[in-house]
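Subject: Structure for your attention

Dear colleague,

Please find the structure below.

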Amino acid sequence: TAHLAQLPANIRAKVNNHPCFSEDAHHHYARMHVAVAPGCNIQCNYCNRKYDCTNESRPGVVSELLTPEQAIQKVLVVATAIPQLSVVGIAGPGDPLANPRRTFATLDALSQQAPDLKLCISTNGLMLPSLIDRLCAYNIEHVTITINCLDPEIGAQIYPWIFWNHRRIKGRDAAHILIEQQQLGLDMLVARGVLVKVNSVMIPGINDEHLREVSRVVKEKGAFLHNVMPLIAAPEHGTVYGLNGQRSPTADELTALQTACAGNMRMMRHCRQCRADAVGLLGEDRNAEFDLAAIATQS
Ligand code: SF4
Ligand code: SF4
């Protein structure tokens with residue numbers, strides 16, 4: 001698209017074959033998620049821990065957890081079967097940086113055994129500043145941070161607690177720490193030349209008005225792309241929002257907010273809220289072809 005052509009060459013090179021960062025690329029390049037990260041260090045009111053991390057995935061999906069060794073095997077099999085594979089990401093089923101041993105073992109092996117593949121992660125951001133040097137030691141050009149607010153008062157309505165320095169912290173204090181770490185992490189990634197996508201979950205009555213401010217600030221700090229995703233309230237999946245049971249936004253409300261943010265920020269509108277074990281082009285899910293049994297026979 002025209003605006004991509006205007007980007008500096010070094011940025012264009014990073015965007016061109018990442019299907020999430022470029023709407024054009026998503027027709028031609030495939031991504032896969034490896035679900036190696038089960039734990040999480042915060043609680044979001046929209047998350048039901050039985051399922052994949054809702055920061056990236058739609059609710060109600062359960063990904064098959066892999067060990068780092070199984071993940072590598074799977075990547076190597078998929079890379080042979082799907083030559084358009086350009087990106088391998090870790091997006092759950094919990095938070096990748098809350099599982100540093102498993103996440104870094106996976107990134108380490110991938111960077112050695114599949115050096116042509118780009119690696120990316122998505123995170124709630126709590127551990128970004130403390131782990132950023134380890135993270136950037138790998139071939140990481142893209143990171144997604146889920147940022148739902150900048151204001152701890154709003155944050156307290158989204159995050160009942162975080163786990164920080166071996167302690168559980170609640171309420172406004174918890175939100176304050178999380179927001180601070182997310183913003184610091186964003187600054188540090190931008191300073192290191194990593195392209196940052198910010199995901200925000202639009203929660204009617206909680207942060208819907210506030211997300212324009214989030215968009216403005218993260219753009220100012222150098223985030224590359226903003227992806228506003230709808231809260232998916234699905235009582236049949238046990239995903240009722242917090243205690244109040246907030247509803248999902250309507251399609252019109254979501255589009256209106258995306259358009260309002262687009263006044264000052266590059267917006268992602270092709271996100272599919274993929275599962276933590278998604279495989280293939282965006283919008284197709286070939287994971288079933290590559291379950292553990294299939295990998296065992298093919299590798
Ligand atoms: Fe759930 Fe993801 Fe939030 Fe952790 S960061 S509580 S896994 S939605
Ligand atoms: Fe890309 Fe969205 Fe899928 Fe993540 S959830 S891989 S950003 S399309």
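Helix α3 (residues 68-81) packs against helix α4 (residues 100-113) at an angle of about 35 degrees, and their axes are 9 Å apart. Helices here are DSSP runs of H or I of at least four residues, numbered from the N terminus. Axes are lines fitted to C-alpha atoms over the stretch in contact, with angles from 0 to 180 degrees between N-to-C directions.

This is a predicted model, in which local features need pLDDT of at least 70, side-chain atom pairs count only at pLDDT 80 or more, and totals for chains, interfaces and linings use all residues. Residues are numbered from 1 along each chain as its sequence is written, while chains are lettered from A and ligands numbered from 1 in the order in which they are written.

From α3, Pro68, Ala71, Ile72, Val75 and Leu76 meet Arg102, Ala105, Thr106, Ala109, Leu110 and Gln113 of α4; contact requires C-beta atoms, placed from the backbone, to lie within 7 Å.

Helix α8 (residues 211-220) and helix α9 (residues 251-262) cross at roughly 35 degrees, their axes coming within 9 Å. Leu211, Arg212 and Ser215 of α8 make this contact with Leu257, Ala260 and Cys261 of α9.

In α7, the buried residues (20 or more other C-beta atoms within 10 Å of their own, C-beta atoms being placed from the backbone) include Ala174, Leu178, Gln181 and Leu189. Seen down the axis of α7, the buried residues fall within an arc of 165 degrees (taken from the directions from the helix axis to the C-beta atoms), so they line one face of the helix. Gly193, with a positive phi near 80 degrees, follows α7.

With kind regards

Key
Buried ≥ 20, exposed ≤ 12 C-beta atoms within 10 Å, placed from the backbone. Helix = DSSP H or I, 4+ residues; strand = E, 2+ residues; numbered from the N terminus. Contact = placed C-beta atoms within 7 Å.
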